[in-house]
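Student: I would like a close look at one part of this protein, namely how its charged side chains pair up. Please take it slowly and give the cut-offs as you go.

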Amino acid sequence: MTTDLCRLLVEGFLKDSWNSVKALVERAIEFNEENRRAVSLFTFKETTRINHSFDGKNFFLRGSVEYSNPQLTVEELQGIIGTKLLESCGNYFANYGLREPNQHDIAQICELLKKPSEGRIVGFLLNTDDVEADRYSMNPLRASIVNSGQSAFPAAKVKTGELKVDEQFVKKYEGKLISKAEIELIYRHLECSGGSYLDFVDSVKFDQLTTLSEVFGMNLCLPALRMPLEILHNEPSDGLLHYLIRETHRDYETIAQVYGCMGRSMNKRTTLLTVPHSKKGFGSKRAARGRIHFEDSQLVNISVTYQDTLLYPNDIDTEDVAVAKCSDTFKVEANKFSTYNYAETPSSPQFLLYSLGSPEDAALWHGVGAFASPKLLQSCAQIRNKCRQGLFDNVIHRFSIRSKVPLQLNLVPNAMWVHPIHHNIDASVGCVEKPLDLTCMGMKIEHLSGFE
């Protein structure tokens, strides 16, 4: 079965997604490795974090998973397999030339898929660590996340000491969002998590990916990178993300330019370009309300209010929505941004800003146009173009940032993997009895050239 699943996926992928493979190979061949920073990524083996270092010679292809649920979903699995297929097919045809694939090519690609990331193109997972722990109302730890006061915390700040499985959640969603085997896996990893929610989630998902690698006949344990909070916590105050936060808040004109990249008006100035965390630990972007205050063209302060806010629904019961419970009001003075230090003023920057720190040369999105916002892609392209034109005082050369807008690839929305019976993309992989059911849905990836 293992070989059959792998071969079925490769054959369908090359047939349905050839234009994406071609675009990736062409971009990888023309890729310039000069002045590139080394990149540190990680994997987990059971509960142990293993770091991996890559030099600037690699072409990085970004995939992603979520910290908003410990169980791996079919959407996440499809994105990981899609990233691995792109990586292996891209490396193969970059080495041997673009041509119509034959049976020998397919056999060789199946062998490549069994190996860890190697070759010029390296697939990796960008895991955003500033999300709420139950952002999509599908976390089986829900009740304890709320009861421990951490529902509005960024995932990076959540601790596992008081977390436990919500039996009511399991009773309601077993077979649809979570399986019995996954609950047992979650219990086991909670017991040896060491307090870190991020380590706990990563250890669970890498555990599942190790098993699924055998099922699908390909190495799915792609190395990962946490952003933005782990980077902000670890980098010096003159590091890239610190620099971007300082430069972004330099004056009215700079903030207006970033607003323009996001398609926002400066009339109300309620979109915070980095969301300051409360001293109580709150950091939910969705629960935060704010306003940027100026005198003439100079920033004076940013006011922030945290209040109870509904998060996002799951696909099974759209009325059963998780809540970020929080209450706090404060101001952050301008000098805290002009001399920004994360240790003193923790905050969560918007994705378009910290995406500049991602090593990606290409990105695989999940269902843009149906499950992901085209505006987010557009904002990421716009900010990179603005930087190339001189925004943020030559930040591209100063920090060796990729100046070109990354290649934009997308899981085709109407071909997203879903539960075979309930048809939800947020079903856990453990809810799907036959992996062949997912394989038969195919792997269709499109090239979004309009966003480059």
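Which residue forms a salt bridge with arginine 188, and how far apart are the closest N and O atoms?

Tutor: This is a predicted model, in which local features need pLDDT of at least 70 and side-chain atom pairs count only at pLDDT 80 or more, while totals for chains, interfaces and linings use all residues. Residues are numbered from 1 along each chain as its sequence is written, and side-chain values use heavy atoms, with hydrogens and water left out.

The partner of arginine 188 is aspartate 207, and their closest N and O atoms are 3.2 Å apart; a salt bridge here is a side-chain nitrogen of Lys or Arg within 4 Å of a carboxyl oxygen of Asp or Glu. This pair links distant parts of the chain, since arginine 188 belongs to helix α7 (residues 180–191) and aspartate 207 to helix α8, 19 residues apart; helices (H or I, at least four residues) and strands (E, at least two) are DSSP runs, numbered from the N terminus. Arginine 188 is partly exposed, with a relative accessible area of 45%, whereas aspartate 207 is buried at 19%, where buried means under 20% relative accessible area, exposed over 50%, and partly exposed in between, using a 1.4 Å probe and protein chains only.

In general, side chains of opposite charge can pair when their charged atoms come close. The structure holds 25 salt bridges, and another of them joins glutamate 230 to arginine 49, again with the closest N and O atoms 3.2 Å apart. Glutamate 230 lies in helix α9 (residues 229–234) and arginine 49 in strand β2 (residues 48–54), so this pair ties together parts that are 181 residues apart in sequence. Glutamate 230 counts as buried, at 17% relative accessibility, while arginine 49, at 33%, counts as partly exposed.

A further salt bridge is formed by glutamate 247 and arginine 250, whose closest N and O atoms are 1.9 Å apart. Here glutamate 247 is buried, with a relative accessible area of 14%, and arginine 250 is partly exposed, with 42%.
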